[in-house]
Amino acid sequence: MASSKYKPINFIFHVFYLIFIFSAHSSTAELKRLLQPAKPDGTVSFLVIGDWGRGGSYNQSNVALQMGEVGEKLNIDFVISTGDNFYDNGLLGLDDPAFQDSFTNIYNASSLQKPWYTVLGNHDYRGDVEAQLSPMLRAMDNRWVCMRSFVVNAEIVEFLFIDTTPFVDKYFVQPNKHVYDWRGVLPRQTYLNNLLEEVDVALKESTAKWKIVVGHHTIKSAGHHRNTIELEKQLLPILHANDVDLYVNGHDHCLEHISSVESKTQFMTSGGGSKAWKGDVNHLDPQELKFYYDGQGFMSVDISEAELRAVFYDVSGNVLHHWKTYKEALYFAS
């Protein structure tokens, strides 16, 4: 469990966001919704980390240390996890010590005692998915907020978290030696059809200034996994149609920023939470690939009414790349 000196703070945040859970008001959209308060000045700050759960190894602890320092400087409101939370095969159950060893005991800085909004990755689906989704984990560490797909409304910005693993064909047709926990997903096509409809409705109904979609799998990437074809075909048209500002993902163990020539949507990969794939980069159109780093690190985002700023950091806390956008125009900086 988290250190006892953080329990009162944790409890306040736990109660604050859980009491705002409510069902979507549309008759077709059934995504769970959470309300995340912005700061008194209306701004929102958060960190993004993915592909991390290795018991502190592969620089996970060092990345966590820098996250704590940056989180304090930015006075972050929450953390987003882009999935693959526990390697190699998710959690074995509610009593799996990996939850403490890879999460609670690693991300113990005071600035990180905020809600962690979390999606599942493909490695998480190799374990007990229901354990990761269980409210019982919140009883052990009440920062943990993990659902398949859900919406977080942070006033000026709305986040749509999407369960991307069931979209990928190979996990079903060529699982190799892996066993995936598909409870709650089958029949697959019905699950995907409903999810795509819910995502489209939620984005259309959003009145937020900014729209950010979070999933585990890449849509566009120059990394090891490249583009996820299934998401390009099924999800990307919905993002384009609804003027989504950012798609944020993990899956590729790198830090990456791609600016599409097809729309204003920016693609940000933050999958450097622990083990990185050095040198594993594929060529991409330089018009689109704005930044690529094949090491460990994480990302921060600051949002105001007029501006969104994303920054990538390495394992030592050095700034590798930063980018700003305004509603009127785009500005790039490296």
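What share of the 334 residues in the protein is buried? Buried residues make up 59% of them.

**View 1. Overall fold of the predicted model.** The protein contains nine helices and 17 strands. Among contacts with a separation of 6 or more, 72% are between residues 24 or more positions apart.

**View 2. Positions annotated as "binding site" in UniProt.** The unreviewed UniProt entry assigns this feature to Asp51, Asp84, Tyr87 and His253. These positions are spread over 203 residues of sequence but cluster in space, with a largest C-alpha distance of 13.0 Å.

**View 3. Surroundings of Asp84.** Asp84 sits in the loop that lies between strand S4 (78–81) and helix H3 (98–104). Its relative accessible area is 2%, so Asp84 counts as buried, the cut-off being under 20%. Apart from neighbours within four places in sequence, Asp84 contacts Asp51, Trp52 and Gly53, the run Gly121, Asn122, His123 and Asp124, and also His216.

**View 4. Surroundings of His253.** His253 belongs to the loop between strand S10 (246–249) and strand S11 (255–259). With a relative accessible area of 5%, His253 is buried. Beyond neighbours within four places in sequence, the residues in contact with His253 are Asp51, Arg54, Tyr87, Gly271, Lys275, Ala276 and Trp277. Two of these contacts, Asp51 and Tyr87, carry the "binding site" annotation in the UniProt record.

**View 5. Side chains of His253 and Asp51.** A polar contact of 3.4 Å links the two side chains. Asp51 is also among the residues in contact with Asp84.

Note on methods
Residues are numbered from 1 along each chain as its sequence is written. This is a predicted model: local features need pLDDT of at least 70, side-chain atom pairs count only at pLDDT 80 or more; totals for chains, interfaces and linings use all residues. Side-chain values use heavy atoms; hydrogens and water are left out. Helices (H or I, at least four residues) and strands (E, at least two) are DSSP runs, numbered from the N terminus. Buried means under 20% relative accessible area, exposed over 50%, partly exposed in between (1.4 Å probe, protein chains only). Contact means heavy atoms within 4.5 Å. UniProt positions are given in the numbering used here, feature names are shortened, and annotations may be inferred rather than shown by experiment. A polar contact is a pair of N or O atoms within 3.5 Å; within protein, one must be able to donate a hydrogen and the other to accept it, and residues adjacent in sequence count only if both atoms are side-chain atoms.
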